[in-house]
Each structure stands twice: as structure tokens, then as C-alpha cells.
Amino acid sequence: MQVIREGVDGTSRPGLHECLALVAERYAVLGKRFHRSPTAPLDLDALTAKVQALPHRPAAIEAVWDGDSEGWFVLLLAITLDPRAEHHLAIVQHGTDLRLFNGTVPPWPEAEEATTVGRTLAERLGVPFHFASPQTPDNEAPRWWDTP
């Protein structure tokens with residue numbers, strides 16, 4: 001979106017909606033879908049293997065909200081302290097934010113799935129699970145390492 005906006009000089013810069021329409025049109029020309037499909041259900045065994053392959057043992061499993069021009073989604077992360085890092089395990093997204101306008105959320109199914117699987121994964125690994133804002137998307141909610 002930024003490249004499109006910066007490529008137009010003057011006061012006629014397209015807004016977000018015009019940029020999205022242009023990108024969607026380009027995807028269609030290329031025979032691709034622009035809108036992200038819902039992610040596949042989380043696989044606990046695959047996630048366990050992914051965590052066990054990390055170079056350092058996790059201190060926690062955390063779910064955090066993130067979003068883009070299509071809407072909110074949940075990231076499932078393994079958190080290590082030495083070194084302090086977050087390791088991406090999965091993205092959970094069940095639809096676009098159009099759901100907000102047609103009344104199908106809340107509750108947020110991606111938060112429910114991330115909580116259920118994340119908590120089970122954390123128990124399996126013997127570490128805490130943290131999700132600061134499971135009821136409401138908030139990409140500024142406190143992180144696990146910020147909690148007392």
C-alpha cells in the first residue's frame with residue numbers, strides 16, 4: 001500500500017481503499033485470490049515438534065493479536081528468555097473484519113482456538129500460557145515478559 005501511495009505525486013494520492021482495490025485487481029489478473037483464506041486448524045503434535053526443534057527451551061507459550069489491512073488475527077509464539085526472543089509457531093485467522101459488520105464476532109474464534117491449543121501446548125511443555133486480551137483484539141496488550 002505504501003509503495004502505491006508513494007508512487008503517486010501531489011494531492012491525488014489514493015487512499016487505503018483505492019490501494020486495496022488496485023491490489024485486489026492485480027491479484028485477479030494474476031489468477032490469485034487477494035483475501036486470505038482461514039487458516040487450517042492448529043495441529044498440537046506439529047506445534048510440539050516445532051517448539052522442540054528450537055535451539056533454546058521456551059519459557060512460555062504466548063498468543064498475541066496482530067492485524068493487517070484484512071483484519072485481526074492471532075499469532076501463537078514460543079517465548080525464550082536466554083536469549084530473549086519470540087519464535088513464530090502459527091497464525092490463526094478465521095476471516096476478515098467484515099465479520100464485525102455482519103455481526104458474526106465476537107466471540108473471536110481465532111482467540112478461542114489459540115487459547116485452547118496454546119494452553120494445551122504450554123501444559124505439555126510444562127511452561128505457562130499467556131494471552132493478555134482474548135476477548136478483544138489489542139496489539140498493545142501486555143506481553144508475557146512484562147507481567148510480574
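How many bridges join β2 to β3, and do they run parallel or antiparallel? 8 bridges join β2 to β3, and the two strands run antiparallel.

## Basis

This is a predicted model, in which local features need pLDDT of at least 70 and side-chain atom pairs count only at pLDDT 80 or more, while totals for chains, interfaces and linings use all residues. Residues are numbered from 1 along each chain as its sequence is written, and side-chain values use heavy atoms, with hydrogens and water left out.

## Sheet

Strands of a sheet pair through backbone hydrogen bonds, either parallel or antiparallel. Here an open sheet of 4 strands has the order β3-β2-β1-β4, with mixed pairing. Strands (E, at least two residues) and helices (H or I, at least four residues) are DSSP runs, numbered from the N terminus; two strands pair if DSSP finds at least two bridges between them. The edge strands, β3 and β4 (129–130), each pair on one side only.

β1 and β4 run parallel and are joined by 2 bridges; Ile61 stands opposite Phe129 in β4. Between β2 and β3 there is a hairpin through 2 residues, and Leu75 stands opposite Ile91 in β3.

## Helices on the sheet

α3 packs on the sheet, touching β1, β2 and β3 (contact: heavy atoms within 4.5 Å). The direction of α3 makes about 160 degrees with that of β3. Axes are lines fitted to C-alpha atoms, for helices over the stretch in contact, and angles run from 0 to 180 degrees between N-to-C directions. α5 also packs on the sheet, where it touches β1, β2, β3 and β4, and its direction makes about 155 degrees with that of β1.

Within α3, Leu47, Thr48 and Val51 are buried (under 20% relative accessible area, with a 1.4 Å probe and protein chains only; exposed is over 50%, partly exposed in between). Seen down the axis of α3, the buried residues fall within an arc of 100 degrees, so they line one face of the helix; the arc is that of the directions from the helix axis to the C-beta atoms. Their cover includes β1, β2, β3 and α5. At the start of α3, a side-chain oxygen of Asp43 reaches to within 3.0 Å of the backbone nitrogen of Asp45.

## Nonpolar cores

A nonpolar core is a set of buried Ala, Val, Leu, Ile, Met, Phe, Trp, Tyr and Cys residues joined through side-chain atoms within 4.5 Å. The largest one has 23 residues, and those with the most contacts inside it are Leu47, Val51, Ile61, Leu76 and Leu89. Two or more residues each come from α3 (44–52), β1 (60–68), β2 (71–81), β3 (84–92) and α5 (109–125). The largest share, 6 residues, comes from α5.

Not counting residues up to four places away in sequence, Leu89 touches Leu47, Lys50, Val51, Ile61, Leu76, Leu77, Ala78 and Leu121. A second, separate core of 7 residues includes Val64, Phe73, Ile79 and Trp144.

Val64 lies in strand β1 and is buried, with a relative accessible area of 14%. Leaving aside neighbours within four places in sequence, Val64 is in contact with Phe73, Val74, Leu75, Leu77, Phe131 and Arg143.

Thr80, in strand β2, is buried with a relative accessible area of 0%. The side chain of Thr80 reaches the backbone oxygen of Pro83 at 2.7 Å.

Notes. Polar contact = N/O pair within 3.5 Å; in protein donor to acceptor, adjacent residues only side chain to side chain.
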